[in-house]
Amino acid sequence: MLFKKGNAARAKEIANELRKMKMTTSNRLYYVVNLLSEMGETAAAREQLLLIHPQDDEFESWAAYTMAGYVPENLKKQAIEKINDNFWKSKILHSRALYPPKDKKDKEAQMREFAAAIPDLHQRNLVYLELARRDAREGNFNAALDWAGMLADNNFKLLAISEITYHSINRGGLHMVIPKLNALPDSLGKAYIIIDAANALAQQGKPQEATTLLNVGVSLVNAEPDKYWKARALMEISRIAAVARDEKTAADTKSLAEQTRPPQRKRKAVMAGLYCP
């Protein structure tokens, strides 16, 4: 705190005093490391970290990661470059992508740069997913869809589009999301997103738009094997079609659902969690 208020000399004195004390817990050592790192005293901080972690193959990357979160902004890039382990580098870049420097004007460019540099694919996908969620919650659907488009995994992409669809329905942005949703590989998960969107539109008194989506949902669900979850999806479509006053679709999908359902005994086992069709 003293260092942040401009009293660097006093902060350094406190750090030196703490270093002379007999440290009994890792937490107190971390306090010293954080303070020294904030002052740019990385060599001294490294000495303290040696008291916590053995100097093995992982130490240098772990130490650089630990200090990178606290060193002054002008030293962060150098600290991150010292991290050779992809796990620790991914963790610090994950944090930097989600919380870029506050004094930078173009934060989005910073976020893109840090996210793209994350070596671990799973961590990179998590960052893009969270950034898509943020923009979707704020109603920035074009930006959210851009982040979703950077996801390399279709399951992550499906999850991102699902959340963007949810937020876009009540804000009039669904027309921007539908083309991206249609471009995803066909699956039951994709069908459920479309069915949920159709349900919301039906509840909002938009039967024509709801029916258009339901027709897409029906074709996706019909392509699935005749199992329990297909029958449930068809029953949900039938219910929504009735709300949207599409009597033909309601009747047809209800009939298909009845034909698709497993026998009563098997259905009870599914509901009890004893059988997975």
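Q: How far apart along helix α4 are Phe59 and Trp62?
A: Helices are DSSP runs of H or I with at least four residues, and strands are runs of E with at least two, both numbered from the N terminus. In this predicted model, where local features need pLDDT of at least 70 and side-chain atom pairs count only at pLDDT 80 or more, totals for chains, interfaces and linings use all residues. Residues are numbered from 1 along each chain as its sequence is written, and side-chain values use heavy atoms, with hydrogens and water left out. Phe59 and Trp62 lie three residues apart in α4, which means that about one helical turn separates them.

Q: How many aromatic pairs does the structure hold, and which kind do Phe59 and Trp62 form?
A: Rings of Phe, Tyr and Trp (its six-membered ring) pair if their centres lie within 6.5 Å, with planes under 30 degrees apart counted as stacked, over 60 as edge-to-face and the rest as tilted. The structure holds four such pairs. In the pair of Phe59 and Trp62 the ring centres are 6.0 Å apart and the planes stand at 50 degrees, so this pair is tilted. Elsewhere, Tyr65, Phe87 and Trp88 form one aromatic cluster.

Q: Are Phe59 and Trp62 buried or exposed?
A: Buried means under 20% relative accessible area, exposed over 50%, and partly exposed in between (1.4 Å probe, protein chains only). Phe59 is buried at 0%, and Trp62 is buried at 7%. Glu58, in the loop between α3 (42-49) and α4 (59-68), is partly exposed at 33%.
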